[in-house]
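Let's take a quick tour of a protein model. Have a look at the structure first, then read the notes.

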Amino acid sequence: MIMKYFIPFVFTALLIIGCSTPLTPPINEYTILPSEHLQKEKAPLSPHTLSIASSKTLPSLSSKSLYYLREGGESGAYLYSRWSDTPAVLIQRSLTASLQEKGVFTSLLPQTSAVHANWVLESELSAFYHRFPKNSKSEGVIDITYRLVDTSTKRSMGSKRFVITVAAPTDNATGGVNALTLATEELCTQVTTWITTLAQEHP
């Protein structure tokens, strides 16, 4: 008689436990921290102030999704991995830290500042993907074009396209994050060098 009621009880308990167990894995969220490897100059290289404008970007890059791109144009987002912020914001944050650490300008002003910046750095982000080339290892790729504008004359002081690729250690989301993190660091180094050169050419 005891077994008669015990078996349904065990079945019901297992059913409840099974229903309470998550059926999908948790979402991993990744961020890109600014590099701290640059050595700050003793004095600003330029007497001007700079404001970094928000990047214009593709609709697919305006979210926090971590995208992959395969040969032939096939693209998609990893289901259980995402960025802590949009790629454009992650890049802007890292570049701001790089310019501050290098001490290129007297001041870096936010877009919301009431102070009028001498120069504005505009950009267009075209790619920020974990790419899978055919017959090759996967890689993190960033494609972005910057333009430095003099706010008083509304003229471009220079523009340059940066295409950065870094090999991914693994062909999964974690590998893509690792490659894109290193690519962002390299991008900020190159852009800082380029802006420094322009600042020295326009004292």
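Below are notes on confidence, a helix crossing and aromatic pairs.

This is a predicted model, where local features need pLDDT of at least 70 and side-chain atom pairs count only at pLDDT 80 or more, while totals for chains, interfaces and linings use all residues. Residues are numbered from 1 along each chain as its sequence is written, and side-chain values use heavy atoms, leaving out hydrogens and water.

**Confidence**
- The protein averages a pLDDT of 85, and 84% of the residues score at least 70; pLDDT is the predictor's confidence in each residue, from 0 to 100.
- Helix 1 (residues 2-20) has the lowest confidence, at a mean of 43, and strand 8 (residues 139-150) the highest, at 97.
- Helices (H or I, at least four residues) and strands (E, at least two) are DSSP runs, numbered from the N terminus.

**Aromatic pairs**
- The whole structure has five aromatic pairs, meaning rings of Phe, Tyr and Trp (its six-membered ring) with centres within 6.5 Å; planes under 30 degrees apart count as stacked, over 60 as edge-to-face and the rest as tilted.
- One of them is Tyr68 with Tyr78, edge-to-face at 5.3 Å centre to centre and 65° between the planes.
- Tyr68 sits in strand 4 (residues 65-70) and Tyr78 in strand 5 (residues 75-83), ten residues apart.

**Helix crossing**
- The axes of helix 2 (residues 87-102) and helix 3 (residues 173-201) come within 9 Å and cross at roughly 50°; axes are lines fitted to C-alpha atoms, for helices over the stretch in contact, with angles from 0 to 180 degrees between N-to-C directions.
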